[in-house]
Amino acid sequence: MFGEMELRERCVVVTGGAHGIGRALAERFAAEGAHVVVADVNAQRAERIAARIEGLPVVCDVGDPEQISGLVEQAVGAYGPVDVFCSNAGIGDRGPGLASTREQIDEITRVNLLSHLWAAQEVVPSMVERGGGYLVQTISSASLITGPSGMGYTVTKHGALGFAEWMALNYAHLGITVTCLCPNAVNTGMMGRNEDDESASDERDDPVRATIGDIVEPELCADMTLEAMREGRVLVLPHPRVGEAFLRKAGDYDRWLEGTNRRLRRLRGSSDGPSHGGDRPVPGQRSASPLRYSAVSSSSRASSSGPSGCPTASTESASCSGRLAPTMGAVTAGLASTQATAKVARDIPASRATLRRPSTVANSRSCQ
Ligand SMILES: NC(=O)c1ccc[n+]([C@@H]2O[C@H](COP(=O)([O-])OP(=O)(O)OC[C@H]3O[C@@H](n4cnc5c(N)ncnc54)[C@H](O)[C@@H]3O)[C@@H](O)[C@H]2O)c1
């Protein structure tokens, strides 16, 4: 809908805009001349990023519809009607799989899924009235390919993609362009990065992390998102392997489920499956296995978007521990088992692998 220069002076809102993918999106839109609202639960970081791009910082917990309402009101007050709304903020599982408490399930559902609906309710009517607008949804490869991610993360990311599809189907002819960013591992707080301390030793030099091979930078995600918006493409896959795995899943669903079940069991070692209650951890205590739940309190989430907010980077390790190493451990363990499935992916006839591939990402091998 927008041409090359049309983002200039547009009003763009980015939730979770103070760190990681959201920060990169905010900077990218600002570089295009847009007025950017940096919305985040982390006030200090939101202020710093907004100051850097001459945008507007707004403290907002997207898990609360009233706060999304207030966010849109502030954005409109500062820059006029919202042209682009990026529902980017997301969190990892707070609970141990099926044994999660109702509160834990409620929290992740509000933040990762319902926030997308609430944002659309706020901005779409005015976009339609004005002839169009953009919804950018940061989702995850976990929405296309279920893997070792936690229960809440998997369910909410699938739901978010379902909502995005529904919006695209019902609003495309009314001028609404939906773009879904579905990356695998990205170098952000969810992978242990702390952008407040970039002088610290580069975690990409970590030998464990180095074996993962295709942790992409948030800037690549932002660039590819804008490219897709311009081309009116819905799906953005910074890791080509995700598209291939999605095709494989669609080609033979039962076989894919069987194979993935085997792979997840290998990944978990002797464990019989995800936590279902018997090993419910004490809140605040890290679980022994990186593939199991580690409680993260809301207060630690609010104060940092760093590792404590990890979703389990969507390689999709189910770890939500407070440190990089266990997360990486799970990712690396997952890698071993994805090597086998990667071979199957290579065998997909080229004619079936019609999902677009970015030429910029090489050596992608860690998706599920
Ligand atoms: N990093 C990955 O490997 C990866 C992979 C696939 C998908 N994603 C998705 O990308 C999105 C962004 O995550 P990221 O990787 O940039 O992580 P990040 O931790 O670097 O940034 C997340 C930002 O969201 C903010 N936030 C958290 N909860 C919020 C809430 N309730 N309201 C408002 N802001 C909130 C945090 O303060 C932080 O600034 C998430 O939706 C995540 O699920 C990440």
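Helix axes are lines fitted to C-alpha atoms over the stretch in contact, and the angles between them run from 0 to 180 degrees between N-to-C directions. Helices (H or I, at least four residues) and strands (E, at least two) are DSSP runs numbered from the N terminus. The structure is a predicted model, in which local features need pLDDT of at least 70 and side-chain atom pairs count only at pLDDT 80 or more, whereas totals for chains, interfaces and linings use all residues. Residues are numbered from 1 along each chain as its sequence is written.

The protein comprises 11 helices and 7 strands. Among contacts (C-beta atoms, placed from the backbone, within 7 Å) between residues at least 6 apart in sequence, 72% join residues at least 24 apart.

Strand β5 (residues 133-138) is mostly covered, 6 of its 6 residues being buried. Gly133, Leu135 and Gln137 point one way from this strand, and Tyr134, Val136 and Thr138 point the other way. Strand pairing requires at least two DSSP bridges between the strands. Strand β4 (residues 84-87) pairs with β5 in the parallel sense over 4 bridges, and Ser87 lies opposite Gln137 of β5. The chain passes from β4 through helix α4 (residues 102-129) to β5 in a right-handed β-α-β crossover; in the right-handed case, with the strands pointing away from the viewer, the path from the first strand over the helix to the second runs clockwise. Strand β5 is also joined by 6 bridges to strand β6 (residues 176-181), in a parallel arrangement. Leu181 of β6 is the bridge partner of Thr138. A right-handed β-α-β unit is formed by β5, helix α5 (residues 151-171) and β6.

The axes of helix α1 (residues 20-31) and helix α7 (residues 218-231) come within 8 Å and cross at roughly 50°. Helix α1 is therefore oblique to α7, since angles under 35 degrees count as roughly parallel, over 145 as roughly antiparallel, 65 to 115 as roughly perpendicular and the rest as oblique. Residues making the contact include Gly20, Ile21 and Arg23 of α1 and Pro218, Glu219 and Cys221 of α7.

Asn187 occupies the loop between β6 and α6 (207-210). Asn187 counts as buried because 24 C-beta neighbours lie inside 10 Å. Its C-alpha atom is separated by 7.3 Å from that of Gly20, 167 residues away along the chain.

Key:
Contact = placed C-beta atoms within 7 Å. Buried ≥ 20, exposed ≤ 12 C-beta atoms within 10 Å, placed from the backbone.
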